[in-house]
Each structure stands twice: as structure tokens, then as C-alpha cells.
Amino acid sequence: MTDSAVLAHPAPRWGARAGLDRRAGLFALGGLAVFGVLVPVAVVVLSWLSPETEIWRHLAATQLPRLLRNTAVLVVGVGMSVTLLGVSLAWCVVMYRFPGRAAFEWLLMLPLAVPAYVMAFVLLGVFDFGGPLQSALRSAFGTAWGSVDVRGDISVVLVFSLVLYPYVYMLARSAFLSQSSETLEVARALGCSHRQTFFRVALPMARPAIVAGVSLALMETLADFGAVAIFNFDTFTTAIYKSWFGFFNLQAAAQLASLLLLIVALTLVAERRSRGGRQFVQGQRLQHRQRLDLGTKRAWAVSAYCAVVLALAFLLPVLQLLLWAWGEGAAQLSERFFGLVEHSLTLAGLGALLTTAVALVLAFCRRLARRGRGVFALAQLGYALPGSVLAVGIMLSFTFLDRQLLIPLQGWLGLEPKPLLVGSIATLLAAYWIRFLAVAGGPLESALERIRPSLPEAATSLGARPAERLWRIYLPMLRPGLLTAMVLVFVDVMKEMPATLLLRPFGWDTLAVRIFEMTAEGQWQLAALPSVTLVLVGLVPVVVAIRRSAR
């Protein structure tokens, strides 16, 4: 008997009726959550009903070609580089024995804790014309040295590649570990070399996981605002920001956001189509049990390769941040800094609680629904929405509600009419739960699937009411999933920049906003302390991912 059947369990008529009412109420909440995710998307798309002709003529003549060109450079460059780095590193740590392999296996995930905008200003602070490296070169060898402009396409692609390759690395490593050693041995017994075995057997089998990792990296790249703003590398996110705060034209920002949304949708469709109709089954247990010897020179060469990637992506940026923070940090430990920390923690805590609660409702809806479960899965589309797109959709929606509903209602009640939603904490929380619902949904649904239906059924037969089943059975057994979901959302909200920058109430600056303000003025040292704080907080989900991968 399933939970849905339990709700229709033979009982007094009023009890069965109450159970059906509760289930209908739960589904109504789930439907409302799905509606809340789809509304900003619909608002952004419907913005084309009143096109901003003059603004678009200006954009087409001045910015649009550059935006499309830069977007293409990012998609191609980052896609190729994260694939090369992630797959090669994953293959090395799974297939070969080399010095430090066991440590590199989890150390290579650490760059996930470094936000792209932090990596961007560290790179500029060290390698730009006025940085210590080029200054030292000019001092030692004259002005002919140390005059390299690092604000180019390659630098932007390098920044995203170093912080986003772990997405591909983690998924590819898991896929390679799930492949049977016997399968690869059979390929070699049939005459394939190691290289042929990789390209003809292992790589095709791991392709779905690799494509999924590359898609995640590309969506993060397209959604980024901080790193591209630091490099003055115009993309759709910077154009949305300029249209909003430069032209004060929210409608034009919405239409630019719709183009960015189209690119994200095409990326997702390409990922789906790349799989075709094939299905790849991955075992629950790790099946790869044999590693190959490389010989001394090759083994040390692989160790050096892993060490260089780790140093560039994590060790050197963190070391530079600590040096800056050590020099300027004491002066920054003021009341304002602690206020930024307080705002960040408050928003992250409220966002985590709200997002986890909504994700829990949706998880129960999907478990209890007899049909139409895919409708509730639509709520997870919010993770594919860039923060800037979401901010535009929420701002337009809340402006409509304020003007058409809340302000007239205040007038009717005799109160002073004023906007209640726009410019409030509610706009930020709406952006957070829509954006990170998928992050919380994964651990919760996984934990819920582990609860056998027989347990709540036994409780029902013993007379437990729904509230008792939720409090005494579901919540205790869901506790690990709930904590994981809250931690993941908490850290993501702490690091989130575009939506926070566009929607924050007056005076509600956060650590991420402070980093943007300081880097916009080239004050790298002053951005170090909040950056170190975010990196340390960002290590928490990385540790969670490492612990999961070790199981």
C-alpha cells in the first residue's frame, strides 16, 4: 500500500474526507510553487508585447554584435577547456597510480569554493599592468617588459575554466568509477591500446555525465555577472544591469533577459539532444577496482599536472587573498563589515529555510501524486534561470502587484499608499527560493525515497494522525537530507551576486555586493576580507560533496 493509498484507507467517512482535503491542500501548495517559478519567466517573455524600438536600435548599433560575439567566445572557450581539464583529471585519478593520487582525488574539487568573481579580481590584481608581477618585471628589465594587457578573451575564459572544471571532473570521475574494470580489460584483450580504450569505450560510456557537467559549467558562465563586470567583458548580464541602472528602462532589461533565457534554453536542448534516445545505466557500486602503473617519469608528470591545476585554481588565489586580507583586514573589521556579515547570514538563513520548506512540499507532492508528477518537476527550472533574468521577472511581477493590488487596497483601507513588495526583503527571498529550489530538492527527494511506505502505513494503522507521522517519522528520517539541503542553499545564497545586486533593499549590502563595489573601483585589497569569508563558507558544500563521493 502506498502513501496515497493510505490517505484513502478505509476509515470513518469524515476521516477519509479530511485526508483528501489535506492532500488537495498539499497539491495546491505545490501548484502555487510551480506557478511562482513560471511567472517570472512568463513576464520576461511577454515583455516583447511592447518592444522598446529606440533602445533596440541603439543596442543593435552599439552593443548587440559585441554581446553575441562575447557570448559565443565564452560558450566555446569555456566548454572546450572545462571538458579538457575535467575529463583528463578524472581519467588520471581513476585509472593510474601516481604520487599523491589519493589526495588529489578530493583536492581537485576545492576550486568549487572559489566564486568566479573572486578568481577574476585576484587574477587582475596579480597579473595586470599595475600588479606586482608586471611591476617587478619593469623594475628589473626595463619598460619593454611588463606591459602585457591581461584583460582579454583568454583571461576571461581561463577564470571560468579554473573555477568551473570541477563540475565536469566530479561527474566524469563518478562515471569512470562506475565502469567495470572487466569491460576495459576485454577491450584491451581485443587489441585496443590504452588510448583506443579511452576514446572507443570509456569516453562514450561516460559521455552523458560529461555533457551534464559541461552544461552546468556553461549555465554558470552565462549567468555570471561579477567576473565579466570586473574584466569589462560585455555580456547579456552586464547589458541587463546597464539597461536597468543606466537607462532606467526595466522593459529593455526584460527583453535582453529574454534573449539570455533563449540561449540558456538552447544550451539545455543541445544537452538533451546530445544524449539522443540512448540510456546509460550506472551501477550503484563503484566497479572500477584496478589502476595501472605509469612508470616513474610519467607518474611524476601526472602529479605535476594535477598540482599545477590545483595551484592555479585554488592555492594561489587563496594565498593571495590571505596576504591582502592580512595587510588590510584589521582596518576593515569595523561595524560596517560585521553589518555586511549580518546581512549575508540573515538573507542566507531566511533563504535556506524558505527554499527548503518549499522543496519539502514539492517532494511530498511528487511522492503522493498518482499522475502528473512532471508538473511539480517544473519548479526546478528556476536553477536554469540566470540571477539577472530572475531579478527582472520578479521586479516586473512585484511592481504589477503593488500598483494593481496592494496600493489600491491601502487606499481603500485609509492607509498611506506605498509599494510594499518592491524594494523589500520579500523580492530577494523570492529570487532565492526560485533560483535554488533544485539545489534543495535533490537531497530531499533522495532522502524521501529511502523511507519505505510500510513505515508510515504502520503508523497509520496504529492511529497516528498525519501531523504525528510528519513529526515523529518523516522529519527525523529526513533530517540528513534537510540539513544538506539547507547548507547547500545557505552557501549559494551567500555567494549569489546578480539578483542581490539588482533587488536588494536600500542599505542591505552583503559581502558579495561589497566585493562588487570594491572591485569596480580596483580596490583589490579591500575586497580580500569579504572574499576570504565567502571562500571559507563555500568550502562547506565542497566538503559535503567530497564525503558523498567517498561513499
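The points below go through selected residues, one topic at a time.

1. A word on the basis: this is a predicted model, in which local features need pLDDT of at least 70, side-chain atom pairs count only at pLDDT 80 or more, and totals for chains, interfaces and linings use all residues. Residues are numbered from 1 along each chain as its sequence is written, and side-chain values use heavy atoms, with hydrogens and water left out.

2. Do have a look at aspartate 224, in the loop between α10 (194–223) and α11 (226–230); helices here are DSSP runs of H or I with at least four residues, numbered from the N terminus. Aspartate 224 is buried without a salt bridge, and arginine 435, the nearest side chain of opposite charge, is 8.9 Å away. Buried means under 20% relative accessible area, exposed over 50% and partly exposed in between (1.4 Å probe, protein chains only). A salt bridge needs a side-chain nitrogen of Lys or Arg within 4 Å of a carboxyl oxygen of Asp or Glu; Lys and Arg count as positive, Asp and Glu as negative, and His and the chain ends are not counted.

3. What does the aspartate 224 side chain have by way of polar partners? One of its polar atoms lies 3.0 Å from the backbone nitrogen of alanine 227. Beyond neighbours within four places in sequence, aspartate 224 is in contact (heavy atoms within 4.5 Å) with Ala116, Phe160 and Thr237.

4. Glutamate 105 sits in helix α5 (residues 101–107) and is buried, at a relative accessible area of 13%. Leaving aside neighbours within four places in sequence, its contacts are Val93, Tyr169, Arg173 and Arg291.

5. The structure has twelve aromatic pairs, meaning rings of Phe, Tyr and Trp (its six-membered ring) with centres within 6.5 Å; planes under 30 degrees apart are stacked, over 60 edge-to-face and the rest tilted. Phenylalanine 121 and tryptophan 324 are stacked, because their ring centres are 6.2 Å apart and their planes at 20°. Phenylalanine 121 belongs to helix α6 (residues 116–127) and tryptophan 324 to helix α14, so this pair ties together parts 203 residues apart in sequence. Both phenylalanine 121 and tryptophan 324 are buried.

6. Phenylalanine 337 is buried, at 9% relative accessible area, whereas phenylalanine 338 is partly exposed, at 48%. Elsewhere, ring pairs link Trp91, Phe176, Phe198 and Phe199 into a cluster.

Methods: Helices (H or I, at least four residues) and strands (E, at least two) are DSSP runs, numbered from the N terminus. A polar contact is a pair of N or O atoms within 3.5 Å; within protein, one must be able to donate a hydrogen and the other to accept it, and residues adjacent in sequence count only if both atoms are side-chain atoms.
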